[in-house]
Amino acid sequence: MNPEALSALGDLFGDRLLTSLETRICYSFDATRKRFLPDAVVYPVNAEEVRQAVLLANLHRFPVVPRGAGTGFSGGSLPVRGGIVLSTERMDRIVSIDSGNLYAVVEPGVVTEALKLEARKRGLFYPPDPASLKFSTVGGNIAECAGGMSAVKYGVTRDYVLGLEAVLGTGELLRTGVATAKGVVGYDLTRMLVGSEGTLGIVTRATLRLLPHPEAAVTLLAFFPTNRDASGAVNAIVAARVTPSAMEIMDRTAIDCVQAVAPVPLPGGTGSALLLEVDGTNDSVRWEADRLEEACRAHGALEVRRASDAGGRDDLWKLRRSISPALLRVAPVKLNEDIVVPRSRLADMFAFLSDLSDRKSVRIVNFGHAGDGNIHVNIMISGADTDETRRAEEAVAEVFRKTVEMGGTISGEHGVGISKAPFLEMEVGPLGVAVMKRLKECFDPNGILNPGKIFLDEAAVRG
Ligand SMILES: Cc1cc2nc3c(=O)[nH]c(=O)nc-3n(C[C@H](O)[C@H](O)[C@H](O)COP(=O)(O)OP(=O)(O)OC[C@H]3O[C@@H](n4cnc5c(N)ncnc54)[C@H](O)[C@@H]3O)c2cc1C
């Protein structure tokens, strides 16, 4: 980055422009553990400063990479071509909550859990619940269209974004959408920006839909001999027209990881488990929980545990919540994929993954949001053995091919970033890629915003 550009940024941001190596290292990585050093980090406090930074970037032609908490799993916030990281940490105000019209207006750096808690105090509910909610930001959730455990009933971040304010790659400030329950005027630019991974605009404010908070919840943990039995129960629950607020599946590969560090008593012969939850009124949750239990027992459940008080429900969640921390003990590196298959093909995908693990001699740990057909496929690697890394990468490519062949998608939550860029065309086809590139041109003609993402950039993929 040229000294003139740095000096202009200094005039704009003062001591909120940082260029020390220590700071640049702190903003050089995300959850992929790949590293790319930015030239500088800036901390705007309002949309006008974001706009001025993007205008300078157009003048001096340097990349601007928006960043929330850096928890992304696809490399979205990595400055693969240098330039500045624009951190939204200091734009973290919940501007207002309108309890009558059921929406909140927030800045992008608000941590997801902070919004959920503020809404809860007013008897309201902001449903998106990525497992990273204690540290990831609303801006990052919008840019990745984050999902979570409750997506099976409540949908994903996209379903709660009513309107946005965003600085485009040109430096123009665009306002999209509505603050009303409905709105269909013109093209849906709000949806265009959601999931665009910081490549079309930098979100500076969001209007988010809220719901009344459910009154009660019941949690069930059911153990099955095989994934096929558990998947059968999932499909039976859907057929029974009950929509749980969580429907998580844990393959034996995932259960074993937890058992090694924080054992949970299991019935003999357990090969798979389902964590189920229903929410609603006190009466409705009892009735729905009964239907879930019946479906599990009809599909060979070895045991079904159930709780409706907070402590008991927490205990049942332990098995599911311990998987990610337990994985840290298994291997230092995981290739964490988030494929989605039609729900009816869940058992076939689990069988494929088991066979793939044997064929490639790599450890694969599987669990996920069964209600959405969304499986987190974690290919564990030591990082020291180059042949193991090669086999793991081949396994990822096979998983993606099989997913598309089954009518699924290669990412349900984490986005493309740099990790899935080589596979974009495999899913959306050459015309799909070409149209996406035309849209990118329209929002960001000089390629300022987050270059090297979504579309294949060999240098970025290598890391
Ligand atoms: C332990 C753990 C658990 C996770 N669980 C889930 C899960 O359950 N579901 C799920 O979907 N994801 C999950 N993730 C992934 C990650 O937390 C989400 O993708 C999250 O939305 C990223 O938010 P962030 O603030 O960290 O964004 P970052 O990682 O900083 O950025 C992500 C992308 O958003 C862009 N961006 C950030 N802010 C803005 C903005 N204001 N305007 C425009 N673009 C912006 C960045 O450029 C980048 O492309 C998990 C990650 C971890 C580490």
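Domain bounds in this report come from an automatic or database domain assignment. On that basis the chain is divided into domain 1 (3-89), domain 2 (94-212), domain 3 (216-323) and domain 4 (331-405). The centres of domain 1 and domain 3, taken over C-alpha atoms, are separated by 43 Å.

The structure is a predicted model, in which local features need pLDDT of at least 70 and side-chain atom pairs count only at pLDDT 80 or more, while totals for chains, interfaces and linings use all residues. Residues are numbered from 1 along each chain as its sequence is written.

A residue is near a molecule if its C-beta atom, placed from the backbone, lies within 6 Å of it. There are 36 residues around the ligand, and Gly 68, Gly 76, Gly 139, Gly 140 and Gly 198 come nearest. Strand 3 (64-67), helix 5 (138-144) and strand 10 (201-209) are the elements that give two or more residues to this shell. Helices (H or I, at least four residues) and strands (E, at least two) are DSSP runs, numbered from the N terminus. The most is given by helix 5, with five residues. Domain 1 and domain 2 each supply at least three residues to the shell.

By residue type, the shell around the ligand comprises 12 nonpolar, 19 polar and five charged residues. Here Ala, Val, Leu, Ile, Met, Phe, Trp, Tyr, Cys and Pro count as nonpolar, Asp, Glu, Lys and Arg as charged, and the others, Gly among them, as polar.

**Helix 9 and its cover**

A residue is buried if 20 or more other C-beta atoms lie within 10 Å of its own, exposed if 12 or fewer, and partly exposed in between, with C-beta atoms placed from the backbone. In helix 9 (residues 252-261), the buried residues are Thr 253, Ala 254, Ile 255, Cys 257 and Val 258. Their cover includes strand 13 (246-251), strand 14 (272-280), helix 11 (310-321), helix 12 (323-330) and strand 17 (363-369). Cover is judged by contact, in which the C-beta atoms of two residues, placed from the backbone, lie within 7 Å.

Leu 173 is placed in strand 9 and counts as partly exposed because it has 18 C-beta neighbours inside 10 Å. Leaving aside neighbours within four places in sequence, Leu 173 is in contact with Ala 47, Arg 51, Glu 165 and Val 167. Leu 173 and Gly 201 are 28 residues apart in sequence and 9.0 Å apart in space, C-alpha to C-alpha.

Val 184 lies in the loop between strand 9 (173-177) and helix 7 (189-193). With 6 C-beta neighbours inside 10 Å, Val 184 counts as exposed. From Val 184 to Met 250 there are 66 residues in sequence and 40 Å in space, C-alpha to C-alpha.
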